[in-house]
Amino acid sequence: MTGTTSEELLAAQACLRLLHTARAALSDPAAVSPATAATLLAGPIAEADDALRRAGLAGNEAVLIDRIYDLTPPAPPRSPEPPAAASHAPVARSCARKGGRS
């Protein structure tokens, strides 16, 4: 991370939880009434508001988005080098002596 504080990261995580909850609650309007959706979203909205306030980003979510884009993911672990390719010369010579193909 280059400029994102842990409080900003917590705010981003809370906003993502709110987004996922909203998607789930609003994905089938016929199944969830507006009152039920509001009840389902009340907790995640309060959590996101509180996290944004603690990070100093309340009312300035654009800064949070900039911070999120500033995050750099950890480098993927390096895979071990493959073993050196075995020489096929002995097999080719053996096949050539028998009149086969390599």
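**Exercise 1. Helix packing**

At what angle do helix α1 (residues 6-26) and helix α3 (residues 61-70) pack, and how far apart are their axes?

*Solution.* The structure is a predicted model, in which local features need pLDDT of at least 70, side-chain atom pairs count only at pLDDT 80 or more, and totals for chains, interfaces and linings use all residues. Residues are numbered from 1 along each chain as its sequence is written, and side-chain values use heavy atoms, with hydrogens and water left out.

Step 1. Helices are DSSP runs of H or I with at least four residues, strands are runs of E with at least two, and both are numbered from the N terminus. Axes are lines fitted to C-alpha atoms, for helices over the stretch in contact, and angles run from 0 to 180 degrees between N-to-C directions.

Step 2. The packing angle of α1 and α3 is about 105°, and their axes are 10 Å apart. This makes α1 roughly perpendicular to α3 (65 to 115 degrees; under 35 is roughly parallel, over 145 roughly antiparallel, and the rest oblique).

Step 3. On the α1 side, the contact (heavy atoms within 4.5 Å) is made by E8, A11, A12 and C15, and on the α3 side by L64, R67 and I68. Sorted by class, the contact of α1 with α3 has five nonpolar, no polar and two charged residues. Here Ala, Val, Leu, Ile, Met, Phe, Trp, Tyr, Cys and Pro count as nonpolar, Asp, Glu, Lys and Arg as charged, and the others, Gly among them, as polar.

**Exercise 2. The nonpolar core**

Determine which residues make up the largest nonpolar core, and examine A14 and L64.

*Solution.* Step 1. A nonpolar core is a set of buried Ala, Val, Leu, Ile, Met, Phe, Trp, Tyr and Cys residues joined through side-chain atoms within 4.5 Å. Buried means under 20% relative accessible area, exposed over 50%, and partly exposed in between, with a 1.4 Å probe and protein chains only.

Step 1. Nine residues form the largest such core: A11, A12, A14, A48, A51, L52, A55, L57 and L64. Helices α1 and α2 (34-54) each contribute at least two residues to this core.

Step 2. A14, located in helix α1, has 0% relative accessibility and therefore counts as buried. Neighbours within four places in sequence aside, A14 contacts E47, A48 and A51. With the same exclusion, L64 contacts E8, A11, A12, C15, L52 and L57.

**Exercise 3. Partly exposed positions**

Is C15 buried or partly exposed, and which residues does C15 touch?

*Solution.* Step 1. C15 belongs to helix α1 and is partly exposed, with a relative accessible area of 23%.

Step 1. Residues up to four places away in sequence not counted, C15 touches A48, L52 and L64. The C-alpha atoms of C15 and E47 are 8.3 Å apart, although 32 residues separate the two along the chain.

Step 2. T5, in the segment before α1, is also partly exposed, at 40% relative accessible area.

**Exercise 4. Chain and confidence**

*Solution.* Step 1. The chain has four helices and zero strands. Of its 102 residues, 17% count as buried.

Step 1. pLDDT, the predictor's confidence in each residue from 0 to 100, averages 77 over the chain, and 72% of the residues score at least 70.

Step 2. Where pLDDT is low, the predicted coordinates should not be read in detail.
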